[in-house]
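Here are some notes from going through the side chains. Have the structure open while you read, and check each point as you go.

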Amino acid sequence: MAHSSMLRASCEANQIQLDVSVVIDPTQSCGVTHYRELLTFTDNLLVGDSEALNGAREQLRAVVGDEGVIRAAGAVGTFQMMNRALDTLGAQLGKELNPELRLLADKLNMTPPAHWV
Amino acid sequence: MDDRQISTRQQIEAMVDNQWQRLARAGTWFSGQERVEIAKVAREAQSHDESGLYVLTEVATEAAKKIATEAHTIDQQWVEECGERGLALLPMVELTAIIAQLSAIDTYYVGVGVTPRNLPEPQPGEPSQEEVKGAKLMRGWLPTRGVAGAPNCFSGVAAEADALHEIHGALYLSMPEMMDMNITKGLHRSQIELLAARTSNYNDCFY
């Protein structure tokens, strides 16, 4: 959620077209460069299908190079860490969910945890 | 591969060297043997290949498995029940940190097509039991310095907070870099955030 907000903010700051629903439905399109290769790589890395991941990695490498693949793997890894940290911490981002985040949650079909409501 | 690519890989390897040495040593609330064991339980749970031969307490073993594989189902009641069964809040911070940090590093290696490192040999030593001044429950289930949130999620255990920032900076963005919505670090910020958002969605993480 917070990083869907960051995605939106980075796209707005760079005049990149974005329908945030691409986050939950990778068949949607968006203006982020090479979004298709990035999403395919992410999904195969998280699912753990090594054969599919090998193919996705090479497709991604073809468009963003070695450095881009390193950074992509690092970003996915970082959020594997942050998701586990924040889910266990049970942090509330403010006393109540702000209206903007609530709208974003609706768009992403996400239900706020009980302790946020 | 150009110099910058070598440099990025080398920087990440140096960070992992550091984290592996730290994982093997006694921490704040767990011995080196227990820390490596927590990592082993988490890895085995994620790969669905559990040996079941663990020296950890039952509650710590169960917690490690849950945080590794279904963190999105954790609630306050579960954290409190772990406490009642002997896994106090500050050790819970360290246990969570070990698993979360391992998950970041292992995912990175698999992503770039490299087999994750073997876990290190535990080193002797006693946990420091060093408490962080000012750490308390502040809008979260675990103690933090200041209101609970992403940047200070492990701040109840100083060494784990430092480790999180080192990993975060090496694999993703440092805290100052987070302010730059136009940064390019191998990928443009919008590309990096698309990866982040998709990962959080996959993990069913609301944050």
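Predicted model: local features only at pLDDT ≥ 70, side-chain atom pairs only at ≥ 80, totals over all residues.

1. The partner of B:R35 is B:E160, and their side chains form a salt bridge at 3.0 Å, N to O. B:E160 sits in helix α6 of chain B and B:R35 in helix α2 (residues 32–46) of chain B, so this pair links parts 125 residues apart in sequence. B:E160 is buried too, with a relative accessible area of 1%.

2. Through shared partners, salt bridges connect B:R22, B:R35, B:E94 and B:E160 in one network. As background, oppositely charged side chains can pair when their charged atoms come close.

3. How many salt bridges does the structure hold over all chains? The count is 15. Among them is the one between A:R61 and A:D66, at 2.7 Å, N to O. Here A:R61 is partly exposed, with 24% relative accessible area.

4. Another of the salt bridges pairs B:E70 with B:K66 at 3.7 Å, N to O. B:E70 is partly exposed at 34% relative accessibility, whereas B:K66 has 17% and counts as buried. The cut-off for buried is under 20%, so B:K66 falls on the buried side.

5. On to the rings: there are 2 aromatic pairs over all chains. In one of them, the ring centres of A:F79 and B:Y172 are 4.9 Å apart with the planes at 90°, so it's an edge-to-face pair. A:F79 belongs to helix α3 (residues 50–89) of chain A, while B:Y172 is in the loop between α6 (158–171) and α7 (175–178) of chain B, so the pair joins two chains. A:F79 is buried at 3% relative accessibility, and B:Y172 is buried at 2%.

6. The rings of B:Y108 and B:Y109 also pair, with centres 5.4 Å apart and planes at 55°, so this one is tilted. Both B:Y108 and B:Y109 are buried.

7. Last, have a look at B:T96 in helix α5 (residues 89–112) of chain B. What does B:T96 contact, apart from neighbours within four places in sequence? From chain A come A:R84, A:A85 and A:T88, and from chain B come B:I67 and B:F154. B:T96 has 1% relative accessibility and counts as buried.

Terms used: Residues numbered from 1 in each chain as written. Chains lettered and ligands numbered in written order. Heavy atoms only, no water. Helix = DSSP H or I, 4+ residues; strand = E, 2+ residues; numbered from the N terminus. Buried < 20%, exposed > 50% of the residue type's maximum accessible area, 1.4 Å probe, protein only. Contact = heavy atoms within 4.5 Å. Phe/Tyr/Trp six-rings, centres within 6.5 Å; stacked < 30°, edge-to-face > 60°. Salt bridge = Lys/Arg side-chain N within 4 Å of Asp/Glu carboxyl O.
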